[in-house]
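Dear colleague,

Please find below the structure that I am handing over to you.

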Amino acid sequence: MALTATVTPGKTFVAAELVTNSKLNQLAAPSVSIAGTADTTQISDDSVTAAKGAFGPWFYGVDSGTAIAHSVAIAGHTLAAYVDGLIVRYRVGTGNDGVTDQAGVTLTSSTFTATCTTPSAHALAIGDKVMVYGATQDDYNGTFQVASVGSATTFTYVFAGSATSPATGTINVRYSAVGGEGSFIQTSGVTVAVAGLAAKNLFGPAGTRLMPGEIITGEIIEILYNDNGITSWFEILSRETASEVIRAVDNSPTPNAYAAQASDGRTTLVVNNTLLVCRMALANTATATLTFGSISGTIRKNGLTALTSGDIVGGQWCQFIWDGTYWQMLSSAVPASARATVPVRQTVLSCSVGTTGLPNFLTHSGGTTVSTQNCTTTPLVVAFAYGSDDSGAVDYVTRISTNAANWTGLGGTTTYYLYVDRSVATGAITYGITTNRPTYTNTSTVAVGAGFHTYLITTGFMYEGAATSTAIQRVFVGEATTVGGAVTGVTAYMPRGQFQSGTDDTFTLDNSTETQTHQLGLTPRVARWVLVNAIAQNNYVLGDEVPLECVSSAGGAITTGTYANATTMVARLRWSSQTPSVIDGAWGISAVTVANWTLRAYASRGW
């Protein structure tokens, strides 16, 4: 074709040009003249020819076929023949979202080749992808490509190898009902016929086989006809995925059995790949199911892994896709109080501190109330331990960023232990008190009775009451003393279970006793005192520390002792008027000038 188009613009005016009647009469629309010749098949009305198609994208079509055989119609037009480079755009009628599961398969292996035998015909080809799961020997499980097909019910795949053959367990295999991924030389599993012409295989970019769900019902795809002179096919150039999201809310009264109610009243999915976004009412405590309309199934994460306790937090938004068998949980919008990886479990992680480094997030005014303070500028961060699962320790973290009267009703003359609660079901934060000091133990013994608390260090669970009680998420953050019905003092617990005395004590001689309140809320497993060099001496410099147990009397005998309980740590110094000595920085033994040293205390809960 050789056509030339010439465009003649109409009259225009330039800036500051004088407009006259003569000039106004010259105003006109642009004109176009075409010269040359063209083949009639290229310019005839209401027809699409190969020659026309060769020039690039053309009109929009609609598919009325099946998941594996798309049939694209072009209203009011005909197509004489396919041509290499032809581009077609159309709306998909039915996506290739079919998935086949076969249960009860058997697996044998020899070195690195596994042979799978299915109960019924599989219709798989070399290069197809399959997912194997349920084998007790985990090496067999995973996603693999079919290496060979022995019969209608057998195929092989290459894996890492296993010492056990045959495999044991309830073994399943999953694959696309319309083909997997492999070479374009093989059957695609999806074909396209345009305007009544012959059906051609449809592939992904660069001739790759389509995977299950790669084409979605209702989306618009642009495909290119590729003819290499030996074979021909269509391949996808671009996709405009249909935006299909259902927003729902779950109001289930019990955990682990969720029911999604769509905000717009819908009860069906357009396709399996429709995204369902749902706010979950309660946290899960075990494996869980989800029901939407007539579709009900188990929730899975990371492919085919069942949920474990705490994977869903009450009040959070989760995203799900129905794969034909399971609800796959893709992601969740994590709330402010969420599962996390923490450096230390079951403790205050961080908080506001005073000039001496001791925590100061608690306060009182002498009445029956204890409040948080300084949290608006430095939040109180608390880590709640809740056992463990296949992914490791299960911990949840919350930030308290307000100052409020959180602990009320403190009266009498006693000691109250203040705790923060996190609801296992909803993640809500509440506060409480008890007059019984909590127990932290490596044994499995749980204190009995309301108000008695036991944290099992070995399992990471806190309990209140009898041994049969349900585990709770509760962290003790401090204590308060009352006299005559009013609060007289508060002690905030140290973050991360680590204590260092805020100020050093004076180092004295002869039967002195040094005491520190360690603020751990339990008897520390590690409690130590050190001498801190305040004025350089004995080849030590300012700030050097010497453990108190390394100090001896002039006669060589150790004359110090330390001990600790749930509230304090004590050092007793007995020198009998003898000058204490230490090993100095030059490996000698030198007498200590008492005025040049101070005493410092360290304590750690030890777990």
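This is a predicted model: local features need pLDDT of at least 70, side-chain atom pairs count only at pLDDT 80 or more; totals for chains, interfaces and linings use all residues.

I begin with the strands. Strand β16, residues 220-227, is mostly covered, with 6 of its 8 residues buried. Strand β5 (residues 87-91) runs antiparallel to β16 and is joined to it by 5 bridges. Within this pairing, I223 of β16 is the residue that stands opposite V88.

There is also an open sheet of 3 strands, in the order β34-β35-β36, and its pairing is mixed. Its edges are formed by β34 (439-441) and β36 (461-464), each of which pairs on one side only. On average, neighbouring strands of this sheet are turned by 20° against each other, direction ignored. Between β34 and strand β35 (residues 453-456) there are 3 bridges, and these two strands run parallel.

The asparagine is N256, located in the loop between β18 (245-250) and β19 (257-262). N256 counts as buried because its relative accessibility is 18%, and the cut-off for that class is under 20%. Polar atoms of the N256 side chain lie 2.8 Å from the backbone nitrogen of T285 and 3.4 Å from the backbone nitrogen of A286. Leaving aside residues up to four places away in sequence, N256 touches N284, T285, A286, T287, A288 and T289.

Turning to the aromatic residues, a search of the whole structure finds 15 aromatic pairs. One of these is the edge-to-face pair of Y82 and F234, with 5.3 Å centre to centre and 90° between the planes. This pair links distant parts of the chain: Y82 is in the loop between β4 (69-73) and β5, F234 is in strand β17 (residues 232-240), and the two are 152 residues apart. Both Y82 and F234 are buried.

Y419 and F476 also form an edge-to-face pair, at 5.4 Å centre to centre and 70° between the planes. Here Y419 of strand β32 (residues 414-422) is linked to F476 of strand β37 (residues 473-483), 57 residues apart. Y419 and F476 are buried as well.

Y140, F144, Y157 and F159 form one aromatic cluster, and R247 lies over the face of W317 at 5.4 Å from the ring centre.

With kind regards

Conventions: Residues are numbered from 1 along each chain as its sequence is written. Side-chain values use heavy atoms; hydrogens and water are left out. Buried means under 20% relative accessible area, exposed over 50%, partly exposed in between (1.4 Å probe, protein chains only). Helices (H or I, at least four residues) and strands (E, at least two) are DSSP runs, numbered from the N terminus. Two strands pair if DSSP finds at least two bridges between them. A polar contact is a pair of N or O atoms within 3.5 Å; within protein, one must be able to donate a hydrogen and the other to accept it, and residues adjacent in sequence count only if both atoms are side-chain atoms. Contact means heavy atoms within 4.5 Å. Axes are lines fitted to C-alpha atoms, for helices over the stretch in contact, and angles run from 0 to 180 degrees between N-to-C directions. Rings of Phe, Tyr and Trp (its six-membered ring) pair if their centres lie within 6.5 Å; planes under 30 degrees apart count as stacked, over 60 as edge-to-face and the rest as tilted. A charge sits over a ring if NZ of Lys or CZ of Arg is within 6 Å of the ring centre and within 35 degrees of the ring normal.
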